[in-house]
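Subject: Structure handover and findings

Hello,

Here is the model we spoke about. Please look it over alongside the notes below.

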Amino acid sequence: MTSENKEWARNLTKTDDGIFRTTNGSADELIGIGRTIKAGFNCSRVDIPNGRYDAIVDVGRSVMLRIQIKGVGKNKNGKLGSVSFTGGGRSGKQINREVESRTYKYTAKDIDVLMAVDSRNGECYIIPVKDLKKWGTAKSLSTLKEYKENWDILIKIANEKRKNN
């Protein structure tokens, strides 16, 4: 972070934008996993490319949660951007635009939690998958304040899973 703006330094090596977006997304996943561990939970990365979830968190008493991690940066106006609730989409020059879209919205069949990581500073938004039903395919992080750094949500979801099993 720089002292003036409370944001982390970005792309100091001037890596090509497309390549940097990919590596920055990987960094956001690692930040989300690290922040989960710092909150006191055992958490591991899932090293399967293009899987439905990025991490598994052990909430205790034999409850594991699947987490999809999404990085969110600034939008074109310099404001905090929106988190996407979809998977399967890809972008870039190498993608064949003639192939049918495989984009889907996450459901409880895919994940238990969607975690949005603010790429500017590492703040995490912990969103239960059931809450995604209320919204479309994306939502501005500025409207999701109740989820910001709300790590108790993981415990609540684990307790619900225990009751249902």
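Along the sequence, the chain runs α-β-β-β-β-β-β-β-β-β-α. That makes two helices and nine strands. Helices (H or I, at least four residues) and strands (E, at least two) are DSSP runs, numbered from the N terminus.

This is a predicted model, in which local features need pLDDT of at least 70, side-chain atom pairs count only at pLDDT 80 or more, and totals for chains, interfaces and linings use all residues. Residues are numbered from 1 along each chain as its sequence is written, and side-chain values use heavy atoms, with hydrogens and water left out.

Confidence

The chain averages a pLDDT of 86 (the predictor's confidence in each residue, from 0 to 100). At least 70 is reached by 89% of the residues. Among the elements, helix H1 (residues 17-38) has the lowest confidence, at a mean of 87. Strand S8 (residues 124-128) has the highest, at 97.

The sheet

Five strands form an open sheet with mixed pairing. Their order is S1-S2-S3-S7-S8. Strand S1 (42-45) and S8 are the edge strands, and each pairs on one side only. The twist averages 30° from one strand to the next. For such angles, axes are lines fitted to C-alpha atoms, for helices over the stretch in contact, and angles run from 0 to 180 degrees between N-to-C directions. Two strands count as paired if DSSP finds at least two bridges between them.

Now across the sheet, pair by pair.

- S1 and S2: antiparallel, over four bridges. Cys-43 has Val-57 as its bridge partner in S2. Ser-44 stands opposite Ile-56 in S2.
- S2 and S3: antiparallel, with five bridges between strand S2 (residues 55-60) and S3. Val-57 bridges to Leu-65 in S3. Gly-60 stands opposite Val-63 in S3.
- S3 and S7: parallel, over six bridges, with strand S7 covering residues 113-118. Gln-68 stands opposite Leu-114 in S7. Val-72 stands opposite Asp-118 in S7.
- S7 and S8: antiparallel, with five bridges. Met-115 stands opposite Ile-126 in S8.

Burial

Of the 165 residues of the chain, 37% count as buried. Buried means under 20% relative accessible area, exposed over 50%, and partly exposed in between (1.4 Å probe, protein chains only). Strand S3 (residues 63-72) has eight of its ten residues buried, so the rest of the structure largely encloses it. S7 is mostly covered, with six of its six residues buried. Val-113, Met-115 and Val-117 point one way from S7. Leu-114, Ala-116 and Asp-118 point the other way.

Turns and positive phi

Most residues other than glycine have a negative phi, and most peptide bonds are trans.

Arg-61 lies in the loop between S2 and S3. The hairpin of these strands has two residues between them. Phi of Arg-61 is positive, near 50°. Arg-61 is exposed, with a relative accessible area of 68%.

Glu-149 sits in the loop between strand S9 (138-140) and H2. Its phi is positive too, at about 55°, although Glu-149 is not a glycine. Glu-149 is partly exposed, at a relative accessible area of 27%.

The hairpin of S7 and S8 has five residues between the strands. Gly-122 in that turn has a positive phi of about 85°.

Best wishes
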